[in-house]
Amino acid sequence: MQRRGLLAGAAAFLAAGCSKVAESSPGRSLFETAGRWHRGAQRVFGDALVTEYAKADISPFFRGNGSTGVDTPEYAAHQAAGFADWRLEVTGLVDTPLSFSLDNIRKLPQRTQITRHDCVEGWSAIGQWTGPQLATILKGAGLKPEARYIVFRCADTLSGARYYESIDLDDAFHPQTIIAHSLNGEPLPVINGAPLRLRVERQLGYKHAKYLTGIEAVASFADIAGGKGGYWEDRSDYQWYAGI
Amino acid sequence: MKRHALSTRLWHWVNLVCVVILFMSGLNISNAHPRLYWGKWGFDAADAWLIVPRFPEWSTIPGYYSLAGARDWHTLMVWPFALGLLMMWIAMLANRHFKRDLMTTREEWRWSAIRRDIAKHLRLDFHHEGSKLNFLQKLTYGLVLGVILPGMIVTGMGISPGMEPYLAPLIELVGGRQSMRSLHFICAWALFGFFVLHVVLVLLSHPLKQMRAMITGGRENAA
């Protein structure tokens, strides 16, 4: 009993010490450096594709997590109208700002992929996604040379803050990064981000922004919301690079 | 003649720090979704082969629930852990520590010899002639250095979506990402089991001499 108390005491001391280090600014910059090392190490081999599965591997249900809907009258109206008037705006550091209807999105060259979704919490689900490659849309708008990140604007709010995410150009131009409008051959269900969501397959679930309303090319995300590049990054210090 | 090379001692303590922080931050990560599955996918309690108990805050890093904070520690410490193990293997092969002290011989695999070794251990008799380590020690250290520690790294990378394109055949070999994740937990608990056994056996066999040997190196025929 005494030894157990001693062990628990030592563990608690270590846990508290680590919490202090993590809150310090040298601690933070150390973690960010480690994140950059992981990103660099994972990009050594370039644009390799993640596994695409067979139809038989699709999970019976695709769990919705985080936002599972958008609680506004506007969204309810869009949903009732089958998202016929939903727009996806392409803005920021582009030569030609664009505005897509859902119909325009469906008329672009399409990619269909059966991929695995890995939530940061640890669970996984497999689904078939269809939509245009983000690269097609970005090439259509023409990125200015200063553009370094792509920011995704969303219709949903969580705990009072608007959801958003950002990725770098490596991930934005990856062949499997698509703007999906279909899951398993059907229009996206509301819990999975209807009518449009991002699929960025080499990263964890929270990067895959749902209920997309806008794509914005930026040089930095320092001035956007909390400045850390995404909703969970701002709110709970989630890692901006979510490939680990 | 020194009993433990400087590289062995240095790695031993660096590795201890890494493993303890990785394990405790891992418990915090486990609390985020405490269910384990086999196969390519899994999210439902009904599909889980194990529902893991929730780990108390004193046992986790940080000392409160923070998935982001725990992942920061986990992905930071994996660098000294993995590079340290790589360097230890290079050193062990270069200074012949592996061949001399850890590689088992054919005679040691005879059942009568193994039985005698187990019986001696159960009597807490740790004397052995000739080589530095006896058969059970060689087998255990060999498994830890050659299977469990590298296994932690490989299964950890197998869970990472950014590494998936490069490790896909390996992930499929074990049955999928959720199997990799389960194996990561199993390796971690095997390592915890080794840690407990290792500390208990050090305490049972001249703990001060053993500790001194792992810090200063110690001398052969010293006591």
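This is a predicted model: local features need pLDDT of at least 70, side-chain atom pairs count only at pLDDT 80 or more; totals for chains, interfaces and linings use all residues.
Let us start with chain B on its own. Its secondary structure comprises eight helices and two strands. If you trace the C-alpha atoms, chain B spans about 55 × 35 × 35 Å along its principal axes. The chain has 223 residues, and 44% of them count as buried. Sequence distance is worth a look too: among contacts in chain B with a separation of 6 or more, 70% are made by residues 24 or more positions apart.

Now bring chain A into view. The size of an interface is often given as the accessible area lost when the parts come together. Here, chain A and chain B bury about 3900 Å² between them, with 64% of that on carbon and sulfur atoms. On the chain A side, the residues that lose the most area to chain B are A:F31, A:R116 and A:Q239, which together make up 14% of what that side buries. In terms of residues, the contact draws 53 from chain A and 41 from chain B.

Side chains of opposite charge can pair when their charged atoms come close. Between chain A and chain B there are three salt bridges. One to find in your viewer is B:D72 with A:R28, whose closest N and O atoms are 3.1 Å apart. Counting over all chains, the number of salt bridges is 21. Why does the B:D72 and A:R28 pair join two chains? B:D72 sits in helix α2 (residues 67-94) of chain B while A:R28 sits in helix α2 (residues 25-43) of chain A, so the pair links one chain to the other. B:D72 has 7% relative accessibility and counts as buried, because the cut-off for buried is under 20%. A:R28 has a relative accessible area of 25%, so this residue is partly exposed.

Other salt bridges lie within a single chain. In chain A, A:R199 pairs with A:E201, with 3.1 Å between the closest N and O atoms, and both of these residues are buried. In chain B, B:E172 pairs with B:K40, and there the closest N and O atoms are 3.7 Å apart. B:E172 belongs to helix α6 (residues 164-173), whereas B:K40 lies in the loop between β1 (35-36) and β2 (50-51), so this pair ties together parts of chain B that are 132 residues apart in sequence. B:E172 is partly exposed at 32% relative accessible area, and B:K40 is partly exposed as well, at 22%. Back in chain A, a network of salt bridges links A:R39, A:R43, A:D168, A:D170, A:D171 and A:R202.

Finally, a look at the backbone. Most residues other than glycine have a negative phi, and most peptide bonds are trans. Where do you find cis bonds in this model? One is the peptide bond from A:A194 to A:P195, with omega near 0 degrees; A:P195 is in the loop between β9 (186-187) and β10 (197-199) of chain A. Another is the bond from B:I61 to B:P62, with omega near -10 degrees, and B:P62 is in the loop between β2 and α2 of chain B.

Positive phi values also turn up in chain A. A:S159, a residue other than glycine, has phi near 45 degrees. A:S159 lies in the loop between β5 (149-158) and β6 (161-168), and is exposed with a relative accessible area of 58%. A:A225 has a positive phi near 45 degrees too. You will find A:A225 in the loop between β11 (212-218) and α7 (231-236) of chain A, where this residue counts as exposed at 63% relative accessibility.

Note on methods: Residues are numbered from 1 along each chain as its sequence is written. Chains are lettered from A and ligands numbered from 1 in the order in which they are written. Side-chain values use heavy atoms; hydrogens and water are left out. Helices (H or I, at least four residues) and strands (E, at least two) are DSSP runs, numbered from the N terminus. Buried means under 20% relative accessible area, exposed over 50%, partly exposed in between (1.4 Å probe, protein chains only). Contact means heavy atoms within 4.5 Å. Buried area is the accessible area (1.4 Å probe) that two parts lose on being put together, summed over both. A salt bridge is a side-chain nitrogen of Lys or Arg within 4 Å of a carboxyl oxygen of Asp or Glu.
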